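Subject: Structure handover

Hi,

Here is the structure I promised you. Please open it first, then read my notes below.

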Amino acid sequence: DLVAQWNALDSGKRSNPKVEEKFLALMADFLERVPQLSFEERSELLTRLQVDRVKHMPDAGHKLQQREHTIRREISHLQNDIQTLRTNIEFFARSKNADKLREEYEARIEEAQKRIDLLQRQQQAFRN
């Protein structure tokens, strides 16, 4: 309903990037406060909203490509981080009393992989 009301406003006001950013920030805050939504559901809704907003902007194709490229770079960076962490874990395997560090690194790898999964879903949304 909020998006429909926003779309009904004068398009001249909506075409201002700062106004659009503020709207998206307010929608993100709103979605944060909906207790029934999981983190993944909130992220997916917000991504779909961002894609929809970009599609209605001038030069939408270029902006969608830029956003996809940014996501791709972040995924690559996270994959490199994971590889570095895995290499470090291999060194820990040779050392005594390294269980705590190994667990910490494995947790960091798991978090990075979750972030990659989320980014890949976002990337797909910007491609379609």
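Start with Leu119. Setting aside neighbours within four places in sequence, Leu119 is in contact with Ile71, Glu74, Ile75 and Leu78. Contact here means heavy atoms within 4.5 Å. Leu119 sits in helix α6. Helices are DSSP runs (H or I, at least four residues), numbered from the N terminus. Leu119 is buried, at a relative accessible area of 1%. The cut-offs are these: buried is under 20% relative accessible area, exposed is over 50%, and partly exposed is in between (1.4 Å probe, protein chains only). Leu119 and Glu74 are 45 residues apart in sequence, yet 8.1 Å apart in space, C-alpha to C-alpha.

A word on the source. This is a predicted model, in which local features need pLDDT of at least 70, side-chain atom pairs count only at pLDDT 80 or more, and totals for chains, interfaces and linings use all residues. Residues are numbered from 1 along each chain as its sequence is written, and side-chain values use heavy atoms, with hydrogens and water left out.

Next, Gln122. Gln122 also belongs to helix α6, which covers residues 99–127. Gln122 is buried, with a relative accessible area of 10%. Not counting residues up to four places away in sequence, Gln122 touches Thr47, Arg67 and Ile71. The side chains of Gln122 and Thr47 are joined by a polar contact of 3.5 Å. A polar contact is a pair of N or O atoms within 3.5 Å; within protein, one must be able to donate a hydrogen and the other to accept it, and residues adjacent in sequence count only if both atoms are side-chain atoms. Gln122 and Arg67 lie 55 residues apart along the chain, and their C-alpha atoms are separated by 9.5 Å.

Now the helix pairs. Two packed helices are described by the angle between their axes and the distance between the axes. Axes are lines fitted to C-alpha atoms, for helices over the stretch in contact, and angles run from 0 to 180 degrees between N-to-C directions.

How do α5 and α6 pack? Helix α5 (residues 60–93) meets α6 at an angle of about 160°, with the axes 9 Å apart. That makes α5 roughly antiparallel to α6. Angles over 145 degrees count as roughly antiparallel, under 35 as roughly parallel, 65 to 115 as roughly perpendicular and the rest as oblique.

Helix α4 (residues 39–55) packs with α6 at about 25°, with their axes 10 Å apart. That makes α4 roughly parallel to α6. On the α4 side, the residues that meet α6 include Ser43, Thr47 and Val51, and among their partners in α6 are Leu118, Gln122 and Ala125.

Last, Arg42. Arg42 is found in helix α4. Arg42 is buried, with a relative accessible area of 16%. Leaving aside neighbours within four places in sequence, Arg42 is in contact with Leu31, Glu32, Val34 and Leu37.

Best wishes

Definitions and conventions: Helix = DSSP H or I, 4+ residues; strand = E, 2+ residues; numbered from the N terminus.
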